[in-house]
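Biologist: I would like a close look at just one part of this model. Please take me through the strands of a single chain, step by step.

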Amino acid sequence: MSSVTGPEGPAGPATPALAVEELVAGYGGVIALDRVSISAGTAAITAVLGANGAGKTTLLRAVSGMIRPRRGRVRLDGTDLTGRNPEQMVRAGIAHVPEGQAVIPELTVEENLRVGMMSWPRGRSRADRSAALDEAFERFPPLAARRRKLAAALSGGERQMLVIARALLAQPRVLLLDEPSLGLAPRVMAQVMDLVVRLSREHGITIILVEQNARGALAIADHGVVLNLGRVVAAADAATLAADVALRHHYLGF
Amino acid sequence: MVEFLQFTLSGVSFGMIYAAVALSLVLIWRGTRLLNYAQGGMAMITTYVAIEVVYRTGSYWAGFVVALAAGAVLGALCQVTIIRPTMNKPPLNGVIVTIGLLTLLEGLAGVFFGGQFRSFPTAFSVRGLRIGGTPLGVSRYDIFVAASVLVATLALAVAFRYTSAGLRMRAAAFNATIARLSGIRVARVLTVGWALAGLLGALAGVLVSPSTFLYPNSMDTIFVFGFTAAVIGGLDSPVGAVTGGLLLGLALSYAGGYLPSGANLVPVVALGILVVVLMVRPDGLFSATKVRRV
C-alpha cells in the first residue's frame with residue numbers, strides 16, 4: 001500500500017527514552033487503542049498523527065495514567081511504569097499537557113506555575129522553588145508581566161505558554177503535548193512550534209507531539225507515527241512520512 | 001434603637017454559626033460537587049462526644065478541643081470509607097449516601113445517648129452585657145461564638161491563600177484533572193477537605209448547642225439555615241458562605257424581633273430570602289464569574 005514501514009517493522013531508535021509496547025486501552029466496550037507500539041528517542045520529537053478518533057489523545061491519556069491500559073507496557077528508560085496513576089507518572093518524569101490550553105483560570109499565573117512544582121519531593125528548598133519560578137518567568141516574559149493576574153485574563157497563546165511552562169516546572173524527561181497549536185493564530189502557532197523544538201534540542205526533553213496539523217508537526221518532528229482507528233498504520237522518519245504522497249492523502253489530509 | 005442594636009448583635013452571633021455550617025458545606029461542594037446532607041448529623045455526634053468529655057473531665061475546653069478533633073477525624077473517615085466509592089458515579093449516589101449517613105448517625109445517637117434533650121455548658125457567662133444601664137442583648141458567650149467562627153474563617157482563608165497545601169486544595173477543587181497531572185494527590189486533598197469541613201461543623205455544633213439543647217435531631221434546623229446561607233452565597237464561594245450566614249442571621253433576628261409572632265415566622269422568612277436571592281441571582285450572590293465556560 002505505501003512504501004513506509006508498517007507497525008511490525010523497526011519503529012524508531014535503538015535506545016528509546018519512552019517505549020510504548022502493544023498498548024490496548026478503551027472506554028467501556030470501545031477499544032480506542034489496539035496494540036499500539038511506539039518508541040521515542042531521547043531528546044527527539046515524535047509526532048503522533050491521525051484523523052479525529054484515531055486514538056491520539058487516548059494514547060497520551062494511557063501513557064500518563066489518566067486511563068489504565070488493559071494490556072501492554074509503558075517504559076521510561078527501561079523502567080516499567082504501566083498502571084501507575086498520573087500523580088506517580090509525573091513524579092517518574094512524564095508530564096502530560098492536555099489539549100485546550102488547560103490553565104486553571106481561577107488561579108493567578110504564578111499560582112498556575114506553582115501547581116507545576118507540586119510533584120517535587122517535599123524536601124526541596126524554598127530557594128530551589130523560587131529559582132525555578134524565576135527561570136520560568138525569564139523564559140516566558142509575557143507571563144512575568146502578568147504573574148499576579150488571573151490566568152483567565154490571558155490570551156490563547158499566553159495560555160498555551162503557561163501550560164507548557166507549568167509542565168516544564170515538573171522537570172520532566174518526557175513531555176506529552178496534546179494539540180498545542182489548536183485554536184491559535186498562525187504566528188502564535190509558529191512560536192509554540194519553535195518552543196517545542198528548543199525544548200528538545202536545548203533541554204534534552206523527549207517530546208511526544210499529538211497534532212491534527214500534520215504538516216506543521218512533521219516539519220519539526222524527527223519521527224512520526226500515524227494512527228488510524230486505534231492502530232499504528234505507519235511509523236517512520238518525519239521526512240519519509242512527509243514525502244509519502246499516498247499516505248498523506250489517505251490519512252493526513254494534505 | 002436599643003432594640004435594634006440587640007437584634008443586630010444577636011443576629012451576628014447566630015449568623016456566624018450559620019456561616020460555619022455554610023463554610024463546611026462549601027468546602028465539600030467545591031472539592032467534590034456533593035452536598036453533604038450529613039453535615040448537621042456529624043456535628044450532632046461530635047457535640048455528644050464533647051458533652052461526654054465535659055461531663056467526665058469537668059473541663060469545657062477539653063470538650064471543645066476533643067469535639068473539633070473528633071469532627072476532623074469523622075469527616076476524614078466518612079470521606080475515605082463511604083464517599084470515595086461514590087466518586088465517578090452518578091451524582092445522586094453521593095447524595096443518597098450522605099442522607100443515609102444522616103439517618104444512621106441520628107439513629108446511633110438515639111441508641112447510645114438517648115432521645116432526651118440535654119443542656120450544653122457554655123465557656124462564658126450568658127448574662128447580657130450592659131453599657132451603663134443599657135442592655136446590649138449580647139453576652140460574653142455570644143462574643144466568644146462570633147470570635148471563634150471569625151478566627152476559624154480567617155485562619156482558613158489565610159491557609160487557602162498563602163500556603164502550599166491551600167494551593168493544592170484550590171487547584172484540586174477547580175480542576176482535578178490538571179491537579180492530578182501536576183502531581184497533586186487529589187484523593188488525599190479531598191480527605192483533608194472533608195476533615196476541615198467536619199471540624200467547622202463540629203465548631204458550629206458546640207457553639208450552638210447551649211442555645212438549642214442537644215438531641216439527635218438538634219442540628220437539623222441549623223443545617224437547613226447553614227445550607228440556606230451557603231446557597232445565598234453561591235455554594236462555591238467561602239466569602240459568600242460567611243456573608244450569606246451573616247445576612248441570614250441578621251434577617252432572621254430582625255424578623256423574629258419585629259414581626260408579630262415573629263419567632264414562628266423565622267423558617268418562612270428564611271425560605272423567602274432564599275427564593276428572592278435565587279430569583280435575582282440564580283447562582284447566588286457571590287458566584288464566581290463563569291471563566292471556565294469561555
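What follows is a walk through the sheets of chain A and the pieces around them.

Modeller: First, some ground rules. Residues count from 1 along each chain as its sequence is written, while chains take letters from A and ligands numbers from 1 in the order in which they are written. This is a predicted model, so local features need pLDDT of at least 70 and side-chain atom pairs need pLDDT 80 or more, while totals for chains, interfaces and linings use all residues.

Helices (H or I, at least four residues) and strands (E, at least two) are DSSP runs, numbered from the N terminus. Two strands pair if DSSP finds at least two bridges between them.

Start with the sheet of four strands. Its order is β2-β1-β4-β5 in chain A. The sheet is open, and its pairing is antiparallel. Which strands form the edges? They are β2 and β5 (79–80) of chain A, and each pairs on one side only. Look inside at β1 (16–27) of chain A. Eight bridges tie β1(A) to β2(A), in the antiparallel sense. Here is one facing pair: Gly26(A) stands opposite Ile31(A) in β2(A).

A helix packs on this sheet. It is α1 (56–63) of chain A, and it touches β1, β2 and β4 (71–76) of chain A. Touching rests on contact: two residues are in contact if their C-beta atoms, placed from the backbone, lie within 7 Å. The direction of α1(A) makes about 70 degrees with that of β2(A). Such angles run from 0 to 180 degrees between N-to-C directions, with axes fitted to C-alpha atoms, for helices over the stretch in contact.

How does the chain leave β2(A)? A loop lies between β2 (30–41) and β3 (45–49) of chain A, and Ala43(A) is found there. Ala43(A) is not a glycine, yet its phi is positive, about 65 degrees. Why does Ala43(A) count as partly exposed? Because it has 17 C-beta neighbours inside 10 Å. The scale uses other C-beta atoms within 10 Å, placed from the backbone: 20 or more means buried, 12 or fewer exposed, and in between partly exposed.

Next comes the sheet of six strands. Its order is β6-β7-β8-β3-β9-β10 in chain A. This sheet is open too, with mixed pairing. β6 (94–97) and β10 of chain A stand at the edges with a single partner strand each, so one side of each has no neighbour in the sheet. On average, neighbouring strands are turned by 15 degrees against each other, direction ignored.

Zoom in on β9(A) and β10(A). They run antiparallel and are joined by six bridges. Val225(A) stands opposite Ala235(A) in β10(A). This sheet also carries a helix: α7 (186–203) of chain A packs on it, touching β3, β7 (174–178) and β8 (206–211) of chain A. The direction of α7(A) makes about 155 degrees with that of β8(A).

One loop remains. Leu229(A) lies between β9 (223–228) and β10 (231–237) of chain A. Its phi is positive, near 50 degrees, in a residue other than glycine. Leu229(A) is partly exposed, because 13 other C-beta atoms lie within 10 Å of its own.

Last, a glance at the neighbouring chain. In all, 21 residues of chain A are in contact with 18 residues of chain B.
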